[in-house]
Amino acid sequence: MNHTRKDSVSQSQAEDDVRRLLIQAGPRPDVPAAHLASLKTIARTELLKLAHRAPAKGRPRMALPLLAAAVLVLAIGATLFWVGSSAPPAPRVATVELIRGDVWLEQADDVFVLGGSLAAGTELVTGSGSGGTPDLVAVRLVGGQSVRVDRGSRLRLADAERLELVRGAVYVDSGSADRGLEIVTRFGSVIDVGTQFEVRLPDDGDKPLVVRVRRGAVSLSSESRRPVAASAGEELAVTTEGNIERSPLSSTDPVWRWILAAAPGFAIEGRTLGEFLDWVENETGWSVEFSPPETADRSVAIELHGTIEGLPPDQAVDAVLPGCGLDYDLTDGVLSIGPATIGGG
Amino acid sequence: MPKRKHARDRRFVSRLIDADEAAFEEFTNGHLPQLYRFAQRRLDGDGDLARDIVQSTLCKAFPKLSTYRGDASFMTWLCACCRNEIAAHFRRKQGSTSEVTFSEWEIDVESIAGSSRGEGPDERLQRGERAALVHDALDSLPPRYGRALSWKYLDELSVMQIAARLDVGPKAAESLLTRARQAFRDAYARLDRQEPRSSGSAAPTNRKMVLEP
């Protein structure tokens, strides 16, 4: 028998065997997206630990921020020009975006004003809210993350990628930031890559640390515990015994309401309705739909004028939509927008 | 030659250690889902438990990435670590104090043959088990092999389309498919020859690892 033909027959048979087995077995099941996101966060956390111990080799590296290099350059430059008695100035790490009620700085020489910058080491302290004031503050880190601090809190801006929550609660919206952020508490650290989440140290109860994730995933770790991941729609509570309890949490749950009051404003002048609704969706966790769907084509490009300053996102829709000839219904976290009916509903 | 055979995996692991973003994406799109399915099939389909086991595996394995020598494929190495975590899980669950004699970081290619616990050859003949065997074999391969075979035989993509997805030329894609088919047949044959295990334990029987219930 011709050697080549025998090889061809066995090759063909082999391919038929493989084809038959694969078709009979069907495709491999997909991994749930939430599970994959959690595991991706864990993998990234573990690999970044290795990377911080290993010397760099010139390739594009995972989520190692350019700011680290910039801060290093600043530190070297400052050392060269500040030889002598003066310590180099701490790097700027955040800009103030919102101040409501009783809020002040500690460990800082900066003037605390809207639009002002804050240096590394600054502590943001908010009042208890007992005086009837909201006592909230929002800053934007140099990495682009929006950070909001609830009443009764103390948050230290250790550097541009590390915040220390001493008491109270902090909410982070990473948006499109390309670097991770670590929130350190005495009960453990929370690391995020592209998320909306809250870290809370409740004053009472048997759960001294609570982590809530609205979007994306975070990793909670401590020296005595291996990292635990939490995905969007989950709450992790660390008990006084050190156990971790996991429970579901909707993106529209009332626990998120305080972040609306602390949301930096959205200037509508010259922006489109589509951009405004993107902001509403991002802040409220609602899903925006148009009914009928063709309403979207006519509406999203409408240019807005005026101001909604002082209005939180959930109230701003009342101010904006009627002016666009639209009405809405909000049910189960779905904001359904349609043409306004003549004479009202 | 085993070392040359897995030289690509050694380079890949080296890139992971260097925090190479492209390598990380390749890991999360290929190895991670395979590892998850590997665990899930051995945990009665429990996805939440599979996630926890894979998480433990990553926390144990990644600090030891520098010990990976390429004697077996990187996927084999990961699955071996995962199998240890699964065994530890069942030990805790059963309250067993048995020791595992398996050497966690020194494995051979044969030890990938870890099928679902307690299955004998007769049960394997049933469709569900055979599908699991096929999926096990696919998941034991380098991710691009498994993907190429799925594209070819399940999605019925042409060689040109597969080449485009792999970002290689058509000849390279054909060559990869040939190697993938052979690798799949070898892996499937190994799994199909697997001896039935002693009952009540998750770990496979092989000459290096024994777990007593």
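Predicted model: local features only at pLDDT ≥ 70, side-chain atom pairs only at ≥ 80, totals over all residues.
**View 1. Chain B as a helical chain.** Chain B contains 10 helices and 0 strands, so that its order along the sequence reads α-α-α-α-α-α-α-α-α-α. Of the 213 residues in chain B, 55% count as buried, while the chain exposes about 9,500 Å², with 48% of that area supplied by carbon and sulfur atoms. When the contacts in chain B between residues at least 6 apart in sequence are considered, 68% of them join residues that lie at least 24 apart.

**View 2. The interface between chain B and chain A.** Chain B brings 46 residues to the contact and chain A brings 41 residues. About 4,200 Å² is buried between chain B and chain A, and carbon and sulfur atoms give 65% of this area. On the side of chain B, the residues that lose the most area to chain A are B:Arg51, B:Gln55 and B:Tyr153, which together make up 16% of what that side buries.

**View 3. Charged and polar pairs across the interface.** Between chain B and chain A the count is 6 salt bridges, and one pair in a salt bridge is formed by the side chains of A:Asp17 and B:Arg185, with a distance of 3.9 Å from N to O. Across the interface of chain B and chain A, 10 residue pairs are found in polar contact, with both residues at pLDDT 80 or more.

**View 4. The helices of chain B that touch chain A.** At least two residues of the side of chain B that touches chain A come from each of α2 (7-17), α3 (21-41), α4 (47-61), α7 (127-140), α8 (143-153) and α10 (170-192) of chain B. Among these, α3(B) gives the most to that side, with 10 residues.

**View 5. Helix α7 of chain A and its buried residues.** In helix α7 of chain A, which spans residues 313-320, the residues A:Pro313, A:Asp314, A:Ala316, A:Val317 and A:Val320 are buried. These residues lie on the same side of α7(A), because they cover an arc of only 155° around the axis.

Conventions: Residues numbered from 1 in each chain as written. Chains lettered and ligands numbered in written order. Heavy atoms only, no water. Helix = DSSP H or I, 4+ residues; strand = E, 2+ residues; numbered from the N terminus. Buried < 20%, exposed > 50% of the residue type's maximum accessible area, 1.4 Å probe, protein only. Contact = heavy atoms within 4.5 Å. Areas by Shrake-Rupley, 256 points an atom, 1.4 Å probe, with all protein chains shown as cover. Arc of directions from axis to C-beta. Buried area = accessible area lost by both parts, 1.4 Å probe. Salt bridge = Lys/Arg side-chain N within 4 Å of Asp/Glu carboxyl O. Polar contact = N/O pair within 3.5 Å; in protein donor to acceptor, adjacent residues only side chain to side chain.
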